[in-house]
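Q: I have a model open and would like to learn how to read its features one at a time. Could we go through it together?

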Amino acid sequence: MTDKYAVIGNPIGHTKSPLIHLAFARQTGQDIDYTAIEGRIGGFRDDVDAFRQAGGRGINITAPLKLEAFKYATELSGPARLAGAVNALKFEGDRIHAQNFDGIGLVRDIVQNLGYPMAGRRVLLLGAGGAARGALLPFLEQKPARLLLVNRTVAKAQSLVGQFKPYAGGEFSCCSYPELGDIHEKFDIVVNATSASLRGELPPVHTGVFAFRCLAYELAYGKGLTPFLKLAQGVGAERLADGVGLLVEQAAEAFAWWRGVRPETAPMIKTLTVPFL
Ligand code: NDP
């Protein structure tokens, strides 16, 4: 019998998740159906209850419903609890298992696909929203020499540093954008986890943060050369990447969690990658 999965978000028209999961299913010989659900704001519980009653086995959650999914879960994984957000649910009877694979997917893309190890490196993370929160534990587990978190609303970054400090082996701190301008420090990996690019904006980061041979990673995908990537390109960053790899890697994690078999991600990353130039 065909097992049902879906992605829920609002809006959802742009989603690539059905394409990705159905390709994974073909590749691994799994019999699944995977659809997209436009979740109603304030109606998450009813929408997901209805999907479960119709036989749904698991669901991915995208913006802006990840916090709703966190509240809906009965069993939270460590990363989901720490991130305070959930991007995948698995249904087993009355039990609702919850995971957050965004951070793991991001680390896999940076370290394995792009070949930029974080261990012993200096990493700059811009933003302190849901995506950055999900990235912190997986980043710290890679043991960077230094992880600096910068956010427009600096209190949010301070609160995250307080929460995640126990997991840090190296130096882990935060500051504001103006303070970042004053510290004259360069980073091997610079990750833009702000939503500025979705509006064609640049987070107020200066060119001096990009180290020689650095990776500039933009979490947004399908936006071409965003202002952040343009800035990095202008100062000669060695590698520019957008969030396509993260999108595919987090999907692969969810697929493996649901189906017990891990798909190959490289073919799908290649399919979805839009060259910058
Ligand atoms: P949130 O809304 O939770 O957080 C937004 C963050 O961006 C906040 O830290 C906010 O700062 C900051 N920000 C917004 N505008 C600006 C600006 N002009 N200058 C500086 N900082 C700004 O968003 P998410 O964390 O969910 O998403 C962040 C990005 O990651 C988005 O581009 C999203 O598309 C992408 N993403 C990609 C995924 C993928 O699969 N590739 C998966 C998940 C996310 P403040 O706190 O001060 O408001």
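Q: Where is the place of Lys 143?

A: Happy to start there, and do keep in mind that this is a predicted model. Lys 143 sits in the loop that runs between α6 and β8 (146–150).

Q: What is the phi of Lys 143, given that it is not a glycine?

A: The general idea first: most residues other than glycine have a negative phi. In this structure, Lys 143 has a positive phi of about 60 degrees, although it is not a glycine.

Q: Is the peptide bond from Asn 10 to Pro 11 cis or trans?

A: As a general rule, most peptide bonds are trans. The bond from Asn 10 to Pro 11 is cis here, with omega near 5 degrees. You will find Pro 11 in the loop between β1 (3–9) and α1 (17–28). Another cis bond links Ala 63 to Pro 64, where omega is near 0 degrees. Pro 64 belongs to the loop between β3 (56–61) and α3 (66–72).

Q: In which sense do β4 and strand β6 pair?

A: They pair in the parallel sense, over 2 bridges, with β6 spanning residues 95–99. To find one of the contacts on screen, look at Leu 76, whose bridge partner in β6 is Ala 98.

Q: Let us turn to the ligand. Which of the 25 residues around it come nearest?

A: Those are Ala 131, Asn 151, Thr 153, Lys 156 and Arg 199. By class, the shell around the ligand holds 12 nonpolar, 8 polar and 5 charged residues. Among the elements, α6 (130–141) and α10 (244–259) each supply at least two residues of that shell.

Q: How far is an oxygen atom of the ligand from a polar backbone atom of Ala 131?

A: For polar contacts, look at pairs of N or O atoms within 3.5 Å. The oxygen atom is 2.8 Å from the backbone atom of Ala 131. Side chains take part too: a polar atom of Arg 199 lies 2.8 Å from a nitrogen atom of the ligand, and a polar side-chain atom of Glu 201 lies 2.9 Å from a nitrogen atom of the ligand.

Q: How much of the ligand does the protein bury?

A: Taken alone, the ligand exposes 930 Å², and the protein buries 80% of that. The space that the ligand takes is the largest pocket.

Key:
Residues numbered from 1 in each chain as written. Predicted model: local features only at pLDDT ≥ 70, side-chain atom pairs only at ≥ 80, totals over all residues. Heavy atoms only, no water. Near = heavy atom within 4 Å. Polar contact = N/O pair within 3.5 Å; in protein donor to acceptor, adjacent residues only side chain to side chain. Areas by Shrake-Rupley, 256 points an atom, 1.4 Å probe, with all protein chains shown as cover. 1 Å grid on protein atoms, 1.4 Å probe; cavity = no way out; pocket = protein on both sides within 12 Å on 5 of 7 lines; lining within 4 Å. Sits in = over half its atoms within 2 Å of the grid points. Helix = DSSP H or I, 4+ residues; strand = E, 2+ residues; numbered from the N terminus. Nonpolar A, V, L, I, M, F, W, Y, C, P; charged D, E, K, R; others polar. Pairing = 2+ DSSP bridges.
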